[in-house]
Amino acid sequence: METSRPEDKSSSQPQMARRTFIRTAGVAAAAAVGIEGILAARRAPAFAQGTKLHIVRWNDFIPEADVWLKKEGMPAASKALGAEVTIETIGFNDLQPRITAAVQSGSGADIFMLYYNWPHLYANALVDVSDVAGEVAKAQGGFYGVFEPSMRVGGKWLGMPHSIVGNTIAYRKSWFKEVGFSEFPKTWEELRKAAAALKKKGKPYGQTLGHTFGDAPTWAYPLMWSFGGAETDKSGKKVAVNSKGTLDSVKYMTALWKEGCDEGGLAWDDSNNNRAFHAGEICASLNGASIYIVAKRQKDKLKDEKGEPLYLDIDHGLFPLAGGAGQFPLYFSNGHGIMKYSKNQKLAKDLLRWIHKKENFEKWFEVCEGYSVAPTTDWEKHAMWGKIDKPLQMFRTAARNTRIFGYAGPATAKSTEVYSKYIIVDMYANAASGKMKPEQAVKWAETELKKIYEA
Amino acid sequence: MARLLESERLLATLLLTPTVLLLGVFIAYPSVGNAGQFVGLKNFAKAWDDSIFQTAFANTFFYTFWATIFKLALGMWVALLLNRVFRGMRLVRAAMLLPFIIPTVLSTFAWRWMFDPSFSVLNWTLYKSGLIVTKLPFLSDGTWALWCAIVINTWRGMPFFAITLLAGLQTINPDLHEAAALDGANGWKRFWHVTWPLLKPVTIVVVVFSIIQTFADFQLIYVLTGGGPANSTHLLATYAYQLGVATGLLGEGAAVSLFMFPVLFAVVCVQLWYVRRMEGA
């Protein structure tokens, strides 16, 4: 029996007969996957009506990604969940203080974006999202290896893996050709030669060793690993930084810095290299895809010496380079965490499910054009990789070998402390700036690490 | 009622109550809600043994000392200049306050651009005018960066000294200077034997306030260098923030910030002692 009144049929919202609703709800209950049922029913469950959900993320280096989330993604999620989803984007450096304040006060956003191994740091404040993580991993080819040590604590997923931002070296093709490199150097020694030759021409390599969250650690840690160095042994309890491998890497860095780098890099933040590259001040820099993407999107403004669009002269070189003990990058392993104080934990999980549904994630993934790689391996096969520019295609498999700090031990809160205090970065900075000899810099790092790991 | 309000004890209680209540809300209440784990003096010991803390501790004294000296010297000089009558006097006095009025974060950002290792307008000007052949490492060398911070702090804080000292100068009876001049005292002697003794109480107060502000400075260093390069410019406040808020080690961060307490307490004690002595005199 049709129970709805005639005027209901003119409503823009599709209406549902009670029997249909009960049947759909029954399917949903049987499916027992929350969001599936809600989506099948095409309307929010009663409990969620009028509920608010607050998610805080970083200001993406690809601004269009945030625009999509704000204008399309979250409004669509709000509709699907029957809840008002508010997304707030803030500077990366403000994220951790914001989480600390929220945890201490027991109030704030329901979901925070988490980086690296932050779930270890806020383990007591995060909800177990193993169910969501399990579903997504199973459906999409499994997570990349870096997420297990980053987001899983004590056997529970406390962060829902979301994406990886790959780093490679953006470089000026024509300038490297001028000094005899038709493609980007493949080994550390070749890089040193090329950078030295280019610095003599007033076009140094640009690299930050400052107190920045992104480019400095993603340069320093892989350099150490590549030369065979490590923070600790496998147990994570014994400091192993004072080794031949680490010392060799510090010696290499010291030489590269003097011979080939813009020495002002010690004071750079994460945006300096982008500006310097676009201004034609540096020949290359470790970066995500943003140097290329911004150059392409502003092709009328950013030109090379010949007046041609700058992006046409940019390509990417793989980092870290060969010639050491292996090539292991440190990429941002990003995720989302649901806070224990949240009154909408189930709804928050449903939002994470919604975000990771293939058709929803795909739209955001395509906007990023390779800057952000998906957390699961299936996305390597996505058609987007065939459509984007060649220089961006190397990000497709960039996430495969990435490590997380703490290596060779587990990525515990102690390794985050080392990272947050910039001890590994400062080990290189101390030597590169001439403040310490390489041996002293390594010894200094060992002393600092022992206070954290072995105290 | 009026008699009650005249009571020093009552007035002191009234003035202290809001502070005690605020401290109760922000310190005692969270302790009750989230007691944490009592570790005794462990966090203090850890900080004391930490080389970054030691650098921050030394930097804080260095930064405070030199910034206060420069602010006092320049502030005194500017105050003496502004104490004269000249055309546009009011405009100059108002304009001089600008560095003090502009929010610290904004002005420090402007300075950061000026000291930028790659795009520094200072480097560019010096280079183009032939005064230098290589870029100066304003913020990329620890020593340079700390001095840059001192320069900015001096620029920002000097107007506070100048205006306060100017107010002090204007309370000095001009007859005293005239009498000294008639006795044959030159400019320096008039300053040293007439102006300075009368200005000393104001100077002590302004110096004490400045020491408190400078010793606990956070914004300038946080925006300018973030404590880098290689921790060379950390102050106690910025390092406490890095530990407590950015790393989530609240206990350790609090321990580092508490190291400021005895120093600031001593400064306040000196000030109180001086004020009482002046009152006694």
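**Reading a helix, a sheet and an interface**

Guide: Just after H18(A), A:Tyr422 takes a positive phi of about 55°. This is a predicted model, in which local features need pLDDT of at least 70, side-chain atom pairs count only at pLDDT 80 or more, and totals for chains, interfaces and linings use all residues. Residues are numbered from 1 along each chain as its sequence is written, and side-chain values use heavy atoms, without hydrogens and water.

Visitor: Is helix H18 of chain A buried or exposed?

Guide: Buried means under 20% relative accessible area, exposed over 50%, partly exposed in between (1.4 Å probe, protein chains only). Of the 8 residues of H18(A) (413–420), 6 are buried, so the helix is largely enclosed by the rest of the structure. Among them are A:Glu417 and A:Tyr419.

Visitor: What is the strand order in the open sheet of 4 strands?

Guide: Strands of a sheet pair through backbone hydrogen bonds, either parallel or antiparallel. Here the order is S8-S9-S7-S10 (chain A), with mixed pairing; strands (E, at least two residues) are DSSP runs, as are helices (H or I, at least four), and pairing requires at least two DSSP bridges. S8(A) and S10(A) stand at the edges, each with a single partner strand, so one side of each has no neighbour in the sheet.

Visitor: How many salt bridges does the rule find across the interface of chain B and chain A?

Guide: A salt bridge is a side-chain nitrogen of Lys or Arg within 4 Å of a carboxyl oxygen of Asp or Glu. The rule finds 3 across this interface. One of them joins B:Asp116 to A:Arg275, with the closest N and O atoms 3.4 Å apart.

How values were computed
Chains lettered and ligands numbered in written order.
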